[in-house]
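Please open the structure in your viewer and keep the selection panel at hand. The tour below says what to select at each stop and what is found there.

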Amino acid sequence: MTDAAIKSGSNDDAGTALAGRCACGSVRYRMKTAPMFVHCCHCLDCQRQTGGAFVLNALIETDRIEVSEGAPVRGDVPTDSGRPHGIYRCPSCGVAGWSEYGGVAALRFVRIGTLERPSALTPDVHIYTRSKQPWIVLPPGVPAFEGYYDSSKLWPPASLDRRRALFG
Ligand SMILES: [Zn+2]
Ligand SMILES: [Zn+2]
């Protein structure tokens, strides 16, 4: 999931690696620990919302995101399922920092491309590969699914514990 410095959780190195900001710098944040899991989502919604070929999301507890500057503003986007999806953006430049899915306020999907060092986190899983761009070649050794997946079978035990603490 992460390099050794981040896995250790709370040292200075990890803090630097997991700091991020918007394009104009009005919003700055830090993930206080490594995320629970990292998605690379190839669905068409993510492609449209990012204007890219996929999105990279770090799944982390909302209370482990420390916003040091600025106040991201939520905007809701339509979804096929009808379940809410709120995207939190810098009010000045509009760059998205993270999402909230399904009304689960305690969980955030942080956009890894906004990190100061985006290479600090790599995908643990590729999802919705049925709509991935045909020129993308997935790396061997990383699980990939045509649609969504069963987190109980894929997440490491420590991350599942954190997830249980969120959802009870
Ligand atoms: Zn900004
Ligand atoms: Zn997606």
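The predicted model holds 2 cavities of 30 Å³ or more. A cavity here is a set of points, on a 1 Å grid over the protein atoms alone, where a 1.4 Å probe fits but cannot get out; a pocket is an open set with protein on both sides within 12 Å along at least five of seven lines, and lining residues have an atom within 4 Å of a point. Grid points are joined across faces, edges and corners, and a volume is the space filled by probe spheres set on the points.

Because this is a predicted model, local features need pLDDT of at least 70 and side-chain atom pairs count only at pLDDT 80 or more, while totals for chains, interfaces and linings use all residues. Residues are numbered from 1 along each chain as its sequence is written, chains are lettered from A and ligands numbered from 1 in the order in which they are written, and side-chain values use heavy atoms, with hydrogens and water left out.

**First stop: the largest cavity**

Select Cys 22, Val 27, Val 95, Ala 96 and Gly 97, the closest to the centre of the largest cavity among the 13 residues that line it. Its volume is about 70 Å³. Helices (H or I, at least four residues) and strands (E, at least two) are DSSP runs, numbered from the N terminus. By class, this lining has 9 nonpolar, 2 polar and 2 charged residues (Ala, Val, Leu, Ile, Met, Phe, Trp, Tyr, Cys and Pro count as nonpolar, Asp, Glu, Lys and Arg as charged, and the others, Gly among them, as polar).

**Second stop: the second largest cavity**

Next select Cys 46, Gln 49, Thr 50, Val 55, Asn 57, Ser 99, Tyr 101 and Arg 111, which line the second largest cavity. The volume of this cavity is about 30 Å³. Helix 3 gives the most to its lining, with 3 residues.

Keep Cys 46 selected and show ligand 2. Which protein atoms are donors of this zinc ion? They are the SG atoms of Cys 41, Cys 43 and Cys 46, lying 2.1 to 2.3 Å from the ion. Donors are N, O and S atoms within 2.8 Å of the metal (3.2 Å for Na, K and Ca); water is not among the atoms, so sites may look incomplete. Along the chain the donors follow the spacing C-x1-C-x2-C. Cys 43 counts as buried at 15% relative accessibility, and Cys 46 is buried with a relative accessible area of 5% (buried means under 20%, exposed over 50%, partly exposed in between, with a 1.4 Å probe and protein chains only).

Select Arg 83, Tyr 101, Phe 109, Tyr 128 and Tyr 148, which lie nearest the centre of the largest pocket, lined by 31 residues. The pocket has a volume of about 810 Å³. Helix 3 gives the most to this lining, with 4 residues. The lining divides into 17 nonpolar, 8 polar and 6 charged residues.

Switch to a cartoon view and find the open sheet of 7 strands, ordered 6-7-8-9-4-3-10 with mixed pairing. Two strands pair if DSSP finds at least two bridges between them. Strand 6 (73-77) and strand 10 (125-127) stand at the edges with a single partner strand each, so one side of each has no neighbour in the sheet. Inside the sheet, strand 4 and strand 9 run antiparallel and are joined by 5 bridges. To finish, select Ala 58, which stands opposite Val 110 in strand 9.
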